[in-house]
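Please view the sequence and the model together while reading.

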Amino acid sequence: MATIIDGKTLAAKVRERAAVEVAQLAGRGIACGLAVVLVGDDQASATYVRSKLRDCEQCGIRSYDYKLPAETTQEELMALVERLNADSEVAGILVQMPLPAHLGTEAVVAAIDPDKDVDGFHPMNMGRLVRDLPGLRPCTPAGIMEMLDEYGIDPAGKNAVIVGRSSIVGKPMSLMLLARHATISVAHSRTDPHELARICQSADILVAACGVPKMVKGTWIKPGATVIDVGMDRDDAGKLCGDVDFASAEPVAGAITPVPGGVGPMTRAMLMSNVVLAAKLQNGL
């Protein structure tokens, strides 16, 4: 049976490390505040925000919670971002997505100071990733790299397949693995479905981030491969599951992340790590 990659336990270690660094920075007079902006009353987003605020408390990070009405205008939101950019007590800015339809997401992302962009989505931070320069990385792929390191899984020389090409996971994940000398394939919605299983079977490291419940079957997995399941889906019975059919994949894989308890906790933990990194960047550390 596969080794279960325990994201929950590793996330606790990452938060503990962040807490130590927050205290060290505070001793030097450097603030590690996180401003979280939620526009509207989307319940899933509100739940995510509450979780992030709890993580801040655990790490000693001061949180600034901005709840704005759904009818907030683009100008009002941009003005808030500019105020937070100028606030020396705020090391990181997170505007919770998705935004209401009338607001321009890309304009908001681009307005955030790149050194305060703890989501890692700003075009400058994505460009730094492409150029393999230091910067803030998107939390989910950064968390996956942390898990690979923790379990001694070196991407160098391995075939890595990412199923999904989003700017949040798929694209940055491919770049991070490429920077660690893996050979990369990216499959997506336009990939020939008859070829998809064959492509996945070539993977020493398989990252499923397609948003389709249990799409990746055990027969798609190379024996001994590392399987990273980014999905947070519901099956036909309404039960939480991932993009990988865990029951059929576990006996084949060498290592696998569960859902829940795998990638999700690490994504949140890496946000705390990014707040610390943002504070360092802004202070020349």
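The sections below move from the overall form of the chain to selected residues.

## Basis of the report

The model is predicted, and local features are considered only at pLDDT of at least 70, side-chain atom pairs only at pLDDT 80 or more, while totals for chains, interfaces and linings use all residues. Residues are numbered from 1 along each chain as its sequence is written, and side-chain values rest on heavy atoms, with hydrogens and water left out.

## Overall form

The protein chain contains 10 helices and 11 strands; these are DSSP runs numbered from the N terminus, with helices (H or I) of at least four residues and strands (E) of at least two. Its radius of gyration is 19 Å, close to the 19 Å given by the globule rule for 285 residues, so the chain is as compact as a globular protein of that length. The radius is taken over C-alpha atoms, and the rule is 2.2 Å times the number of residues to the power 0.38. Along the principal axes, the C-alpha atoms fill a box of roughly 50 × 40 × 35 Å.

Of the 285 residues, 51% count as buried. Buried means under 20% relative accessible area, exposed means over 50%, and partly exposed lies in between (1.4 Å probe, protein chains only). Contact means heavy atoms within 4.5 Å; among contacts between residues at least 6 apart in sequence, 70% join residues at least 24 apart.

## Surface and charge

The protein chain exposes about 13,100 Å², of which carbon and sulfur atoms supply 54%. Accessible areas come from the Shrake-Rupley method with a 1.4 Å probe, and for residues only the protein chains shown count as cover.

The chain has 28 positive and 34 negative charges, whose mean positions are 3 Å apart. Lys and Arg count as positive and Asp and Glu as negative, whereas His and the chain ends are not counted. Each charge is placed at NZ of Lys, CZ of Arg, CG of Asp or CD of Glu.

Thr3 lies in strand 1 (residues 3–4) and is partly exposed, with a relative accessible area of 41%. Although 248 residues separate Thr3 from Pro251 in sequence, their C-alpha atoms are 9.8 Å apart. Beyond residues up to four places away in sequence, Thr3 touches Tyr151, Gly254, Ala255 and Ile256. Glu21, in helix 1 (residues 7–27), is in contact with Val276 and Lys280 when neighbours within four places are set aside. The side chains of Glu21 and Lys280 form a polar contact at 2.5 Å; such a contact is a pair of N or O atoms within 3.5 Å, where within protein one must be able to donate a hydrogen and the other to accept it, and residues adjacent in sequence count only if both atoms are side-chain atoms.

Gly29 lies in the loop between helix 1 and strand 2 (33–39) and counts as exposed at 68% relative accessibility. The C-alpha atoms of Gly29 and Ile205, 176 residues apart along the chain, are separated by 42 Å.

The buried residues of helix 7 are Gly170, Pro172, Met173, Ser174, Met176 and Leu177. Their cover includes helix 5 (123–130), helix 6 (139–150), strand 5 (159–163), strand 6 and strand 7.

Just after helix 7, His181 takes a positive phi of about 75°. His181 belongs to the loop between helix 7 (170–179) and strand 6 (183–187) and is exposed, with a relative accessible area of 59%.

## Loops with particular backbone or side-chain features

Two cis peptide bonds may be noted: one joins Met97 and Pro98, with omega about 0°, and another joins Val259 and Pro260, also with omega about 0°. Pro98 is in the loop between strand 4 (90–95) and helix 4 (105–111), while Pro260 is in the loop between strand 11 (255–256) and helix 10 (263–282). Lys214, a residue other than glycine, has a positive phi near 55°; Lys214 is in the loop between strand 7 (205–208) and strand 8 (226–229).

Thr72 lies in the loop between strand 3 (63–68) and helix 3 (74–86) and is buried, with a relative accessible area of 4%. The side chain of Thr72 reaches the backbone oxygen of Pro69 at 2.7 Å. With neighbours within four places in sequence left aside, Thr72 is in contact with Val39, Leu77, His102 and Leu103.
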